[in-house]
Amino acid sequence: MFPSDSDTLDEDELLAELEAEIENDEGPLREQGLKELQREMERIKQMRESMHGKYAEMTDEKEVIRTSASEPLCVIHFYHSNFRRCAIMDKHLGALAPKYFNTRFLRVFVENVPFLIEKLSIKVLPCVICFINGVSKDSRIIGFEELGNVDGFSTATLELRLLHTGVIQKDPQFKPVVKHAQAAVSHGTRLRQNHYNDDDEDFDL
């Protein structure tokens, strides 16, 4: 997960360390590990450029539609600035956005997206709709009824509700790739160590 900017820097440092380790390796493991890291680093770069890890506002309705359809995981808060509970929802979504880097978090002002409001039959605010591979299904949170129906609900309560929909995930795709690269480096190191150990055992003074 990506809970904060400092943790994002930690991930960058980890990638740099792994890249250095793989650079010092030899053979196909080195080439395979470097290619995987390069692909993953490019993916993360593109996601950061598209505002992953941030809770951003979008004003263009066509862009909202395109984003909800193209992002594998997307949370959209339909809000109105005059609604107190929308401000409360904003606070919690803003806390979750950097924590779940693979999910795109957006808010849209209802007056900017009249077509979507009608199409999605949004009548109560705040309304949070979860899109998975472009499909909203029944993954929407209307008002605070599912969050204890109190203004003082915790971010963890909203987090649990979003986890239940599948729109946020405990183990982002980024983690297994890093772990795989670590395993490849570790495996290569063990192979070299075993080779040296075998030579030591066979060496006869």
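User: Let's start with Phe 144: buried or exposed?

Analyst: This is a predicted model. In it, Phe 144 counts as buried because its relative accessibility is 1%, and the cut-off for buried is under 20%.

User: And Phe 153, buried or exposed?

Analyst: Phe 153 is at 5% relative accessibility, so it counts as buried.

User: How many aromatic pairs are there in the whole structure?

Analyst: The search finds 2 aromatic pairs. One of them joins Tyr 79 and Phe 109, with ring centres 5.6 Å apart; the planes are at 45°, so that pair is tilted. Phe 144 and Phe 153 also form an aromatic pair, with 4.8 Å centre to centre and 75° between the planes, which is edge-to-face.

User: Back to Tyr 79 and Phe 109. Which strands are they in?

Analyst: Tyr 79 lies in strand E2 and Phe 109 in strand E3, so the pair ties together parts that are 30 residues apart in sequence. Tyr 79 and Phe 109 are both buried.

User: What lies over the face of Tyr 79?

Analyst: Arg 107 does, at 4.3 Å from the ring centre. Arg 107 also turns up in the strand pairing, as the bridge partner of Glu 57 in E3.

User: OK, strands then. Which way do E1 and E3 run, parallel or antiparallel?

Analyst: Strand E1, residues 55-57, runs parallel to E3, and 3 bridges join them.

User: How many bridges join E2 to E3?

Analyst: There are 6 bridges between strand E2, residues 73-79, and E3, and these strands run parallel. Among the partners, Cys 74 is bridged to Arg 104 in E3.

User: What do E2 and E3 make with helix H4?

Analyst: E2, helix H4 (residues 84-96) and E3 make a β-α-β unit, and it is right-handed.

User: Changing topic: how many disulfides does a search of the whole structure find?

Analyst: It finds 0 disulfides. For Cys 86, the nearest cysteine sulfur is that of Cys 127, 9.4 Å away. Likewise, Cys 127 is in no disulfide, and its nearest cysteine sulfur is that of Cys 86. A disulfide needs the two sulfur atoms within 2.5 Å.

User: Are those two cysteines, Cys 86 and Cys 127, buried or exposed?

Analyst: Cys 86 counts as buried, at 1% relative accessibility. Cys 127 is buried too, with a relative accessible area of 1%.

Terms used
Residues numbered from 1 in each chain as written. Predicted model: local features only at pLDDT ≥ 70, side-chain atom pairs only at ≥ 80, totals over all residues. Heavy atoms only, no water. Buried < 20%, exposed > 50% of the residue type's maximum accessible area, 1.4 Å probe, protein only. Pairing = 2+ DSSP bridges. Helix = DSSP H or I, 4+ residues; strand = E, 2+ residues; numbered from the N terminus. Right-handed = clockwise from strand over helix to strand, strands pointing away. Phe/Tyr/Trp six-rings, centres within 6.5 Å; stacked < 30°, edge-to-face > 60°. Lys NZ or Arg CZ within 6 Å of the ring centre and 35° of its normal.
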